[in-house]
Amino acid sequence: MNRLRAFLSALVADWRLQALLVLALLLGAPLLSPGTVQIASFVLIAAIFAQSINLLTGLAGQISLGHAGFFGIGAYCTGALVKTHGLDVTLGVPLAVLLAGVAGWLLSFPAKRVRDVYLAMMTLGFGMVFFEVVREWNSVTGGTMGLPGVPSAALRTLSILGVKVDGLAYFQLLLLITAGTMLMVRNLTQSRIGRAFYAIHISEIAAGSIGIPAGATKQLAYALSGALAGLAGALYAHLVGYLGPESFALPRSIEVLVIAIVGGLGSIAGQVLSATLFTFLPERLQVFAEWQFIAYGLILTFSLIILPKGIGGLLFEPPRFIRPRARARAAMLRADAAMLRPADQGAALEAERITMRFGGLVAVDDVSLRLEPGRITALVGPNGSGKSTLVNVITGIYRPSAGRVRFAGRDITGLADHQVAAAGVVRTFQDPRLVPHFTVRENLLLGAHRQLRHSGVAAVLALPGATAEEAQQLALVEAVLALADLTAMADRPIDTLPYGTRRMAEVGRALLARPQVILLDEPAAGLSEPEMERLTQLIRDMKAMGLAILLIDHHMDFLADLVDDVVVLDSGRMIYRGDIAGMRGDAQVIAAYLGDEAAHA
Amino acid sequence: MMDDFFFSLLLAGISVGAVYALIALGLNLTFWTTKTMNFGQGSLMMLCAMLTVFLSSQGLAMALAVFGSLLVVAAFGVFIERWTVRPALQASGGSMGWVVSTLGFGIFLQGVAAKYFGSQAVAFPDVVFTAQDFVTVFGQYVSLQYLVVLAVAVALILALELFVRKTVWGQAVHAVSLDPELALVQGIPVRRLVLGSFMLSSALAGVAGVLIAQIGGTVDPAFGFDLVLLGFVAAVLGGMGSSMGALAGGLLVGIISKLVGGYVSTAAEHGIAFALLMMALALRPQGLFGKAEVSKA
Amino acid sequence: MLELQGLTVRYGAVQALEDVSLQAGAGGITAILGANGAGKSSLMRAVSGIAPVTAGRILLDGQDITALPAAERARLGIAHAMEGRRLFRQLTVEDNLKLAWSFGARKLPLATALAQTYERFPILQEKARIAAGLLSGGQQQMVILSCTTIRSPRCLLLDEPSLGLAPIIVQQIYAFITDYAARSGIIVVIAEQMAALALRVSSHGLVLRRGRAVLQGSSAELLHGHDGKTLAATYL
């Protein structure tokens, strides 16, 4: 099965075959009956519509239960602009797409503040309200009577820029548009935007630690998804020529969900197959049309449970998130880990008199800490002594009750976690927060997210500048892989790899964020001896690069040869600062760990 | 002297508002125990109302028809928990599969109802009183049906509030909503509570369906679908997880939407509810009585 | 007696416990020691049923409970005070106690149980109607201890009861624990990072390091004997 999948995936991804298919359809269309051509046009529109769900749900993990609304905005917008106001189609359609995108952006405004299920409910409401608005707003939409007379290919009333376009020509145009859209969606998936979408889908906190803001990213996903759905709607309007509210009600939203889910969330090819299936079925099978609602209901109820990856998951390999062309370019570049060295040396991080209170509990009590570039400091203490809390304060997860955090001359106290990461202070977590389905390479590349400065448009159109930048970062990824001894498993999904490997990967990912200060939270936990040696070497390399390093850990043998100095916390207070040898003999430290008696045993 | 029109709208708003609160409570219940909501709740409302019509048309006494329908709907609640929510929560593909599953099941029920009962609206018989019965309060005509609906809804809400506050099982539900692991370790039968919450939530939906159908006079397969949204708005306005909040939120939604519906346009009722939702999320996501349970999972 | 035979607990790819065997008898306290991440909590979670057991068996007084779900084990008499001072913070002290009392067998009447608790910890009576989350750390620990003992369990599991508490409060807590253990004669297992503390009150102990049992023996031996030096070494 796996070989079949690999074969099919390669087949579908081959651009020559894609071009061949498009060409064949373009040239072969005149040979088909007009009826077939029209159904095929519907398939293409459904495929684009399904992509909008694919993007939102498959990639970004958000759910929309009212996507017919965006579809409808696209349709009515171009319909009204072109029919009523005489705009040309070439203007009407893009404006419709823009409006639908803006609607998506506006609808998802609570994304920063509420659970995703609230957003899902809002989309349900949106679909409902849109339907009612359409029925009422007679002047624009024609109300319940609908909007007839939209220039349509099927009715031969459509002309684009003065050129008459009939059903056949429209199909050919649709073909090109659909192909182009698919290409752009694939480019998006393999760009930093796609990776960011998927990251917030799987782990918002991990995404935040790299500098990816969850709320804004979700809004972008809803906006793009809305725009795509609007495009499908606009193209639909100029196919059918008549827009009635019934076409933009709940059944439409349900149908696109079914197509997208059965096709397989995340699989572009699967979506096309599914769109074909569900467009032809109601046409050819009258009985299906009768039982449609019931069938769709059952499919939605059980498909995510029985066949979560849909047809796409069955036939094809899971989509990858790095552009092959960027990889090819990167292979030609030579990257040296030394390039990860921070640009400006000499930035120290100072935590001054940090106090953290949770209700009546004082977790951190007047602790001051200084991290110098090129030095490794250990932060140790019994469980509950406040180590993790202190790190959370420094990295912006908590705002301290008192005290300040300064870095490179800036006061970074109270900045959000992704802002602190953006400033150059990066951390890892006690349990590796990696994205499960991503490969090691993809996970590492995610660390370089903020280094990729090219615009979204450049990413989607796969412009040379964007590819070059990605290649550069990929080369650095390669260097880090070598440093962390992960090259051999670079292209395996991270959740199939052992714990020690994942730890190394997480440290590597943090490195790619080009930090000046790095805080490692229990990096050695759960590692075997050889794994610990590799980690030690990696940390030494980072020190040599000039990073300021803070290590929280309990494994004293791991820390002994590695650290320059150690800070010991107990019950939120600092009870020792100095070197490790001294710490071992310090009575207060021993008492803190083992209790008074062991100190004098 | 209050304007008759205004007063009748107000009363209608209060009555339906109380029912929206019931729906909100149903959503709250499963949210407490599993952090999920049945997006197909509306179809359960519709099903209960339709079954009541069907059973009573077969000659069954009204009370029995309602009761029997409630039992069926509660049974569906069990099915939904076991076969659409639990497997979705356990599937690794993402945390929101249950939204699609529960919605899908609601669609399925709607389709079945349309197939079996037809898609036309059917008249909903009088459970208590008739649409013409009224009393005079302060010189205004007050429909008895509206009053009964209001009374039933408020009674159920108070009963639930008392249940959660005063009884051990109610406390246990609250505990599960706070820390399911800790509840387990103290011997609380979490699984049974989850099942019970789904049954009760579905039954509440059924009652809401019957009450709304009574006021509205008819029921059709698509009935109820939009009600889940209104219930949600009520829950958000009042604060997710608060029964009193649900009542406050429900009344607010009910009154405002009925007033807007009467003075502007009936079609604007949902629109205004949606607008209220957007306002609440923009200004005060935790609602009137809620504790900030609005951060992402 | 609580018996663990070759207990192995794995969370995904992480090996939390490997092949750990232990016998904890009734009438005495058993200490589970080890640095953070050594597996102490995983051991307790496996016993109370909230961590899945990959291999091995757990027997309570000869009965194999490995397959029993957690709520079932709680009703059988396993009481677990989890790490991190877990309480229902939004519920009042009294509601916490009532809830802990309500589900399971072998209990005194509620009024008696509450009276006993308040007698033992008068401060709790004062704070009975206050939300548990507002109490001090030590007071919260008193609530937790009362909750776990309110139904006269057969086996009491305490995960780092001294965590984050001032020494004088720790003394109070431990006074209660030793007193309760002696009076009730049940199985008591305490996990602590503060080795000396636990060893002082226990009859024997088990030291975990990265999921494996590395030292086992009587508490006196572990604390004072030649092994005393090794004990410090396993931490530092």
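The questions and answers below go through a predicted model, chain by chain and element by element.

Me: How are residues, chains and ligands numbered, and what pLDDT do local features need?
Reply: Residues are numbered from 1 along each chain as its sequence is written, while chains are lettered from A and ligands numbered from 1 in the order in which they are written. In this predicted model totals for chains, interfaces and linings use all residues, side-chain atom pairs count only at pLDDT 80 or more, and local features need pLDDT of at least 70.

Me: What is the mean pLDDT of chain A?
Reply: pLDDT is the predictor's confidence in each residue, from 0 to 100. In chain A, 98% of the residues reach 70 or more, and the mean is 87.

Me: Where in chain A is confidence lowest?
Reply: Helix H11 of chain A has the highest confidence, at 94. Over residues 597-601 of chain A the pLDDT is below 50, and beyond near neighbours in sequence this stretch has 15 contacts in the model; a contact is a pair of residues whose C-beta atoms, placed from the backbone, lie within 7 Å. Confidence is lowest, at a mean of 50, in helix H28 (residues 596-599) of chain A.

Me: Which stretch of chain B has pLDDT below 50?
Reply: The mean pLDDT of chain B is 87, with 96% of its residues at 70 or more. The stretch below 50 has 14 contacts in the model beyond near neighbours in sequence, and covers residues 293-297 of chain B.

Me: How many helices and strands does chain A have?
Reply: Helices (H or I, at least four residues) and strands (E, at least two) are DSSP runs, numbered from the N terminus. The C-alpha trace of chain A spans about 95 × 50 × 45 Å along its principal axes. Chain A has 28 helices and 12 strands.

Me: What percentage of the residues of chain A count as buried?
Reply: A residue is buried if 20 or more other C-beta atoms lie within 10 Å of its own, exposed if 12 or fewer, and partly exposed in between, with C-beta atoms placed from the backbone. Among contacts in chain A between residues at least 6 apart in sequence, 76% join residues at least 24 apart. Of the 601 residues of chain A, the buried ones make up 55%.

Me: Is A:Gly226 buried or exposed?
Reply: A:Gly226 lies in helix H11 (residues 214-240) of chain A. Leaving aside neighbours within four places in sequence, its contacts include A:Phe70, A:Ala100 and A:Gly104. A:Phe70 is 156 residues away in sequence but 5.4 Å away in space, C-alpha to C-alpha. Because 32 other C-beta atoms lie within 10 Å, A:Gly226 is buried.

Me: Which helix gives the largest share of the side of chain A that touches chain B?
Reply: Here 39 residues of chain A are in contact with 37 residues of chain B. Elements giving two or more residues to this side of chain A are helix H6 (116-136), helix H12 (250-263) and helix H15 (292-306) of chain A. The largest share, 14 residues, comes from H6(A).

Me: How many residues of strand S7 of chain C are buried?
Reply: C:Cys155, C:Leu157 and C:Asp159 point one way from S7(C), whereas C:Leu156 and C:Leu158 point the other way, and all are buried. Strand S7 (residues 155-159) of chain C is therefore largely enclosed by the rest of the structure, its buried residues being 5 of the 5.

Me: Which residue takes a positive phi in the hairpin of S9(C) and S10(C)?
Reply: Strand S9 (residues 204-209) and strand S10 (residues 212-218) of chain C pair in the antiparallel sense over 6 bridges. C:Arg209 stands opposite C:Arg212 in S10(C). The hairpin has 2 residues between the strands, and the residue with a positive phi, near 50 degrees, is C:Arg210.

Technical notes: Contact = placed C-beta atoms within 7 Å. Pairing = 2+ DSSP bridges.
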